[in-house]
Amino acid sequence: MSLPERSVATLDRVTGALPGGGERREGQRRMTEAVAGAITAERHLIVQAGTGTGKSLAYLVRAALSAKPVVVVTATKALQDQLYTKDLPFLAGHLDRDLDYALLKGRSNYLCRQRVVELDTDQGALGLDDAGDRAPSVELERLVSWADETETGDRAELPFEPSAAAWATVSVGPRECPGASKCPQGESCFAEEARRAASSADVIVVNTHLYGTHLASGGAVLPEHDIVVFDEAHQLEDIISATAGFELSGGRLHALARTVGAIVEDPSLTAALDAAGDRLTVALAPEIDRRLRGAIEPALADALLEVRTRLEVVQAALRTVPPDAPGDVGARRERAVKATGSLTDDVDAVMDVPPTHVAWVVGPEANPTLKVAPIDIGDVLRSTLWEHATAVLTSATIPAALANQLGLDEDEVTQLDVGSPFDFEEHGLLYCAAHLPEPRSAAYEAAMIDELVALIEAAGGRTLSLFTSWRVMEAAAAAVADRISTPLLTQRDLPKPALVRRFTDEPETSLFATMGFWQGVDVPGPSLSLVTIDRLPFPRPDDPLLQARRERVRAEAFRLIDLPRAATLLAQGAGRLIRSADDRGVVAVLDSRLATGNYRWDFVRARHTFRSSGLSI
């Protein structure tokens, strides 16, 4: 029996063990056979698998039969957790061989035992409020208590959502951590325990950000592997762009000042770092939402030069601290050395941004951030990935130009669409509120909210309302809450996993959310019968990275850049509706341009927009 045949036979046995005996899905079997064939032939594969295909098991079965480690990459932590807590345990229980699998997240997702030890030390000397700086003391107390209870240290398992300041106090990122060998808590480090488990696993589940970090590091983050599966592959371009670049802000200088101040008794040194951070913030503020082209403005260039000078002084001061200093000084020193080196590298890179990259500034005036990212990730992936591993890329919505966007030549990749088993035409309906004002009209928001109230009342709650901005979501929630007779939750109320559970368990509840919920949210059954979308999700025209990409294709920019991205994201949002064979409902787009815009048929006819999300129009 060939490996593709064995893979399909294993799939049939596994799906036959599903509750109710499972069902034979031809699209799933075709995908499993294609994945097995691609891996055997060492040829890349792109598979569009519509909702209900069961694509996770389709690729996991072949991964489980591999004699070599397979890395499965997801764009969202929700899918990552689903694979690890549901799909892989089920698969492992129905194979004729042992299957070791592991979940691995980025270092900053795990509580750092050393930071907790240091926090305890600081509390004794300074008091909790001083030790936590800007972090709420109540949150820090809860995190310290949780540190004694948790087995994984994974932030996703917290029973509450900590503030960014509180979590930053008890965690470290890869640019700051010196590594297990240089940390007193290295042997019991949660992040290192997760990496050790991954090193011996048959299947390693990671998110795309971590995989991008792995590529950017030259392959230093994950165990060696030559097979990788990208689920939610339509997001790969944007996430790899982010991880292949870096960010620079005054906040990084302030954080370094606190780290250095804990081990170097020189107030003038930390004051100088803080001053350099303040100056960088002031210099970046006028550039917010602007792309940096050509020579850097003198004020920003001077601020960067001052930062570079201060970092050299810090490096010299840290060299005077013995690596084997008593207590936790040595660990703090190593973390400070790592953070200082990373900052220095990034400042040097900002001073000489190559034409292949784009630099821009984002954020609030009080804390602007300078970002640098490659314009085209094709070259990045060709040199770091495509030549070194066989890749399977899959999603319910695959943009037509995905292979080209990712630097894959047509002669080195097979592309396949296996459809969906659901009867979308009978179960789903697309409604466009064509009578509403155009979204840029001053009258739009009030009219949209009135429409939203009427739709939610008609559905008896059971609504997932998706918004393209936080501001509109919060304004709509405030206006709608008192006008409907059913409960309403917003994205701010709970951590995402807990929020989705509550929405699922309380059928009459409505949930208002932003971009993080347009994909990776699975709520089958009666709790979700209406999905509303406030407007067509076109990318911002002033997005600097997309501006650079538009400039490369000139007159074709709207057709090649903006329209495909909006169509793919709209399909993802619409795809939250039909998640099982018995689901029925409506997707309501509250943007009249879907009915009146001269590009409306591009949306409707896009094969991956409504066909894969499953709607009659």
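**Sheet, helix packing and salt bridges**

Six strands form an open sheet in the order β12-β17-β16-β13-β15-β14, with parallel pairing. The edges are taken by β12 (428-432) and β14 (488-490). Each has a single partner strand, so one side of each lacks a neighbour in the sheet. From one strand to the next, the twist averages 15 degrees. The model is a predicted one.

Within this sheet, β16 (residues 530-533) and β17 (residues 585-589) pair in the parallel sense over four bridges. I533 stands opposite V589 in β17. Helix α20 (residues 470-480) packs on the sheet. It touches β14 and β15 (510-513), and its direction makes about 150 degrees with that of β15.

Helix α14 covers residues 298-318, 21 residues in total. It reaches 30 Å from its first C-alpha to its last, close to the 30 Å expected at 1.5 Å a residue. The buried residues of α14 are L300, A303, L304, E306, V307, R308, L311, V314, A317 and L318. The list includes the residues E306 and R308. The helices packed against by these buried residues are α12 (250-261), α13 (267-284) and α15 (329-350). The strands are β6 (246-249), β7 (290-292) and β9 (369-374).

A search of the whole structure finds 44 salt bridges. One of them joins D96 and R13, with the closest N and O atoms 4.0 Å apart. This pair links distant parts of the chain, 83 residues apart. D96 lies in the loop between α4 (77-92) and β3 (101-103), whereas R13 belongs to helix α1 (residues 3-16). D96 has 62% relative accessibility and therefore counts as exposed. R13 is partly exposed, at 40%.

E161 and R155 form another salt bridge, the closest N and O atoms being 2.9 Å apart. Both partners are partly exposed: E161 has 45% relative accessibility, and R155 has a relative accessible area of 25%.

A further salt bridge is made by the side chains of D289 and R540, at 3.6 Å from N to O. D289 is partly exposed, with a relative accessible area of 40%. R540 is partly exposed too, at 46%.

Salt bridges also form a network, which links R115, E118, E176, R332 and R335.

Definitions and conventions: Residues are numbered from 1 along each chain as its sequence is written. This is a predicted model: local features need pLDDT of at least 70, side-chain atom pairs count only at pLDDT 80 or more; totals for chains, interfaces and linings use all residues. Side-chain values use heavy atoms; hydrogens and water are left out. Helices (H or I, at least four residues) and strands (E, at least two) are DSSP runs, numbered from the N terminus. The expected span of a helix is 1.5 Å times one less than its number of residues. Buried means under 20% relative accessible area, exposed over 50%, partly exposed in between (1.4 Å probe, protein chains only). Contact means heavy atoms within 4.5 Å. Two strands pair if DSSP finds at least two bridges between them. Axes are lines fitted to C-alpha atoms, for helices over the stretch in contact, and angles run from 0 to 180 degrees between N-to-C directions.
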